[in-house]
Amino acid sequence: MKLSYKAYAKVNLGLDVLRKREDGYHDVKMIMQTVNLYDVIEIEASDDNLISIVTENDSIPVNEDNLIYKACKLLMDEFNINRGVRITLIKNIPVAAGMAGGSTDAAYTLIGINELFKLGLSKDELMKRGVKIGADVPYCIMGGTALSEGIGEILSPVSGMPNCNILIAKPPIDVSTKFVYENLHANELKRHPDIDGLKSYIEASDIYSIANKMENVLETVTVKEYPIIEEIKTYMKQNGALNSIMSGSGPTVFGLFDNYEIAKKAYDGLLARNITTQVYLTDLVL
Ligand code: ATP
């Protein structure tokens, strides 16, 4: 039996960092949103006792550093599964981009192993295990629109988000999440995004006010360092986006549109400008 999953990416409609904790982690307050851009993960059992990962993308590890491997191992050790698994990954989500690509692969691997070996774990039980792999993994299992607090593992679903077109662009630069958090100085921030306000507008399904409230506090670090992020935001806003911000710790930028024709024109224009090859026009998964 071969199981196949779409492992969806996310963007942050809002991202705030409340404080740096004594243990070095940061308390965050974010609105997460699943987008219709996904990796494909195929999972099947094998008789060789190995966890093998096959992918054509040569920028990601296929050994125990891959989050897919960690997810397999976690469940297979706990449930003493004496078989192997073979996982094929078709990578569409930009890597190291702030879109939780690795976390969503881990999330759907947990879901897949649970189904393949009939472990009978509920969604909640999978989410509890997922946080051991990464703070965003529980959210990726849950999906949709959610408020995320703590280090990202305290999740509450938010309803009301209207669907819209979303233009996503990853500039050709690598941004280290560690660098961004180290340079944020979270305890001295003067200004914080209004995540509660954003949440209320989502609940009111008011796309224009949602767009107005979108803000990512991590831009205070990345935009200074990488002006191309601001350049893409400005391009999107000047070409019909209701608003445009960076997702996660970047460098991916996204813009929301209430009109497909306008979004398509902005997409074509962005491709023609040749500042990034990774551009996607899609919609939300609610
Ligand atoms: P986040 O939004 O959670 O910060 P990200 O988009 O910044 O995630 P990922 O795409 O998850 O980052 O990848 C970060 C690094 O993790 C990569 O450089 C890669 O070496 C490693 N990695 C491990 N497993 C995977 C995977 N399945 N897919 C992509 N990267 C992976």
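**Entry 1: Ser-46**

I began with Ser-46, which counts as buried because its relative accessibility is 13% (buried is under 20% relative accessible area, exposed over 50%, partly exposed in between, with a 1.4 Å probe and protein chains only). The model is predicted, so I note that local features need pLDDT of at least 70 and side-chain atom pairs pLDDT 80 or more, while totals for chains, interfaces and linings use all residues. Residues are numbered from 1 along each chain as its sequence is written, and side-chain values use heavy atoms, without hydrogens or water.

Ser-46 belongs to strand S2 (helices, H or I of at least four residues, and strands, E of at least two, are DSSP runs numbered from the N terminus). I found its side chain in a polar contact of 2.8 Å with the side chain of Asp-48 (a pair of N or O atoms within 3.5 Å; within protein one must be able to donate a hydrogen and the other to accept it, and sequence neighbours count only through side-chain atoms on both sides). The side chain of Ser-46 also reaches the backbone nitrogen of Val-85, at 3.5 Å.

Is Lys-233 buried or exposed? I have it down as buried, because its relative accessibility is 7%. What joins the side chains of Lys-233 and Glu-219? I found a polar contact of 2.6 Å between them.

**Entry 2: the ligand**

Next I listed the surroundings of the ligand. There are 18 residues around it, and Asn-66, Ala-96, Gly-98, Ala-100 and Gly-102 come nearest (a residue is near if one of its heavy atoms lies within 4 Å). A backbone N or O atom of Leu-67 is 3.0 Å from a ligand nitrogen atom. Ala-97 has a backbone N or O atom 3.0 Å from an oxygen atom of the ligand. From the side chain of Asp-105, a polar atom lies 3.0 Å from a nitrogen atom of the ligand. The ligand exposes 610 Å² when taken alone, and the protein buries 77% of that (areas by the Shrake-Rupley method with a 1.4 Å probe).

I looked up the largest pocket and noted a volume of about 1,200 Å³. It has 43 lining residues, and those closest to its centre are Ser-103, Ala-135, Asp-136, Thr-177 and Ser-249. On a 1 Å grid over the protein atoms alone, a pocket is an open set of points where a 1.4 Å probe fits, with protein on both sides within 12 Å along at least five of seven lines, and lining residues have an atom within 4 Å of a point. Volume is the space filled by probe spheres set on the points, which are joined across faces, edges and corners.

Which elements each supply at least two residues of this lining? I noted strands S1 (2-20) and S2 (26-46) and helices H1 (67-78), H2 (101-116) and H5 (177-182). By class, the lining of the largest pocket holds 20 nonpolar, 15 polar and eight charged residues (Ala, Val, Leu, Ile, Met, Phe, Trp, Tyr, Cys and Pro are nonpolar; Asp, Glu, Lys and Arg are charged; the others, Gly among them, are polar).

The second largest pocket has a volume of about 170 Å³. Among its lining residues I listed Asn-49, Leu-50, Ile-51, Tyr-69 and Lys-73. H1 gives the most to this lining, with four residues. The lining of the second largest pocket divides into five nonpolar, two polar and three charged residues.

**Entry 3: backbone and tail**

I checked the backbone angles last. Most residues other than glycine have a negative phi, and most peptide bonds are trans. The bond from Gly-250 to Pro-251 is cis, with omega near 5 degrees. Pro-251 sits in the loop between strands S9 (243-246) and S10 (253-257).

His-185, not a glycine, has a positive phi near 50 degrees. Its place is the loop between H5 and helix H6 (195-203), and it counts as partly exposed because its relative accessibility is 47%.

Asn-274 also has a positive phi, about 60 degrees, without being a glycine. I found Asn-274 in the loop between helix H10 (260-273) and strand S11 (278-283). It counts as exposed because its relative accessibility is 62%.

Leu-286 is in the segment after S11, and its relative accessible area of 53% is why I list it as exposed. From Leu-286 to Ile-51, I noted 235 residues in sequence and 33 Å in space, C-alpha to C-alpha.
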